[in-house]
Amino acid sequence: MRIGVVTFPGSLDDSSALRAIRIAGGTPVPLFHASDDLKEVEAVVLPGGFSYGDYLRCGAISRFAPIMSSIIIAAEHGFPVLGICNGFQILCESHLLPGALTRNQGLHFVCTDQALTVENNSTLWTAGYTKGQRLVIPIKNGEGSFQASAETLAELESEGRVVLRYADKNPNGSKNDIAGITNARGNVVGVMPHPEQAIESLTGPSEDGLTFFTSVLHSLVGR
Amino acid sequence: MATIIVEVMLKPEILDPQGQAVAAALPRLGFTFAKAVRQGKRFEIEVDGLPTQEQLADIERAAETLLSNPVIETYVVKVEA
């Protein structure tokens with residue numbers, strides 16, 4: 001099962017995401033921002049980092065990369081896409097997900113192991129979790145405050161499209177403690193925490209992140 | 001030659017921690033006049049001659065798609081000759 005990870009100029013966690021896919025049992029495929037070739041992958045991860053130095057707005061310039069035009073078209077037809085941190089920001093700028101990520105309340109870059117609650121386990125990326133499951137996954141961002149209009153928030157809540165919520169404390173002022181959301185179809189998911197950094201107990205605070213990657217592999221097998 | 005100015009501001013309902021930090025720093029320097037501060041961005045785009053209606057329409061589209069994010073920001077376009 002081939003899963004791609006896009007490297008943009010300034011991506012940081014692309015190699016960690018490739019590694020997570022391998023450990024989950026998939027075949028990791030590096031993809032490059034400047035090509036529109038998805039190399040026959042069956043799902044794609046937009047990794048964390050600071051693509052284009054976060055110039056203008058986080059994700060604003062990456063959205064127009066050639067690879068994104070292919071991903072946007074595919075995503076609209078049900079292709080699984082996971083955006084992590086900067087990847088989530090790119091998905092919002094691409095309008096594949098609603099809302100926007102803005103400067104953290106308190107202005108601090110927050111780097112910590114974060115408690116989370118799984119709110120939606122019906123997406124392609126979270127099907128292996130149980131609803132209400134508590135996770136500990138690292139967050140590391142300066143612009144992770146999820147903001148959206150009151151109407152958009154009401155729509156996300158009523159349709160059950162909040163995927164992850166911050167537990168115990170809200171680290172950045174995100175509306176409704178939102179840490180991750182999905183599109184209506186459940187194939188596009190964006191999360192601020194870094195599941196690819198919580199794969200093995202040796203290098204992460206838990207193995208809680210691995211299920212994102214095993215979930216999509218199982219979803220794809222079942223198709 | 002003219003300069004097209006695009007000013008981008010966060011919508012009033014979006015939290016602006018940078019503006020708040022500036023507002024908190026001003027009184028520390030003895031400046032006590034500020035009730036609130038909002039921080040924004042300004043783009044200066046140079047063009048040959050006065051911009052045509054067509055170019056201004058293009059600028060509007062660029063402001064809406066790239067220079068600002070309509071989900072959280074508003075923009076204003078001005079021309080300085």
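Which pattern does chain B follow when read along the sequence? The pattern is β-α-β-α-β, where helices (H or I, at least four residues) and strands (E, at least two) are DSSP runs numbered from the N terminus.

1. Basis. This is a predicted model, in which local features need pLDDT of at least 70 and side-chain atom pairs count only at pLDDT 80 or more, while totals for chains, interfaces and linings use all residues. Residues are numbered from 1 along each chain as its sequence is written, and chains are lettered from A and ligands numbered from 1 in the order in which they are written.

2. Chain A, overall. Chain A holds 5 helices and 11 strands. The C-alpha atoms of chain A fill a box of roughly 40 × 35 × 35 Å along the principal axes.

3. Buried residues are 57% of the 223 in chain A. A residue is buried if 20 or more other C-beta atoms lie within 10 Å of its own, exposed if 12 or fewer, and partly exposed in between, with C-beta atoms placed from the backbone. Of the contacts in chain A (C-beta atoms within 7 Å) with a separation of 6 or more, 74% join residues 24 or more positions apart.

4. Nonpolar core. The largest nonpolar core has 65 residues; such a core is a set of buried Ala, Val, Leu, Ile, Met, Phe, Trp, Tyr and Cys residues joined through C-beta atoms within 7 Å. Val44(A), Val81(A) and Leu91(A) have the most contacts inside this core. Beyond its neighbours within four places in sequence, Val44(A) is in contact with Gly4(A), Val6(A), Leu31(A), Leu38(A), Ile71(A) and Val81(A).

5. Chain B, overall. Chain B has 2 helices and 3 strands. The radius of gyration of chain B is 16 Å, whereas a compact globule of 81 residues would have one near 12 Å. Its C-alpha atoms fill a box of roughly 45 × 30 × 15 Å along the principal axes. Buried residues make up 12% of the 81.

6. Sheet of chain B. The 3 strands form an open antiparallel sheet in the order E2-E1-E3. Strands E2 (40-47) and E3 (73-80) are the edge strands, each pairing on one side only; two strands pair if DSSP finds at least two bridges between them. Neighbouring strands are turned by 20° against each other on average, direction ignored, with axes fitted to C-alpha atoms. Strand E1 (residues 2-10) pairs with E3(B) in the antiparallel sense over 8 bridges. Met9(B) has Thr74(B) as its bridge partner in E3(B).

7. Glu7(B). Glu7(B) is found in strand E1 of chain B and counts as partly exposed because it has 16 C-beta neighbours inside 10 Å. Not counting residues up to four places away in sequence, Glu7(B) touches Gly40(B), Arg42(B), Tyr75(B) and Val76(B). Gln39(B) is 32 residues from Glu7(B) in sequence and 11 Å away in space, C-alpha to C-alpha.

8. Contact between the chains. Chain B contributes 9 residues and chain A 14 residues. Helix H1 (residues 17-28) of chain B gives the most to the side of chain B that touches chain A, with 3 residues. That side divides into 7 nonpolar, 2 polar and no charged residues. Here Ala, Val, Leu, Ile, Met, Phe, Trp, Tyr, Cys and Pro count as nonpolar, Asp, Glu, Lys and Arg as charged, and the others, Gly among them, as polar.

Key: Two residues are in contact if their C-beta atoms, placed from the backbone, lie within 7 Å. The radius of gyration is taken over C-alpha atoms; the globule rule is 2.2 Å times the number of residues to the power 0.38. Axes are lines fitted to C-alpha atoms, for helices over the stretch in contact, and angles run from 0 to 180 degrees between N-to-C directions.
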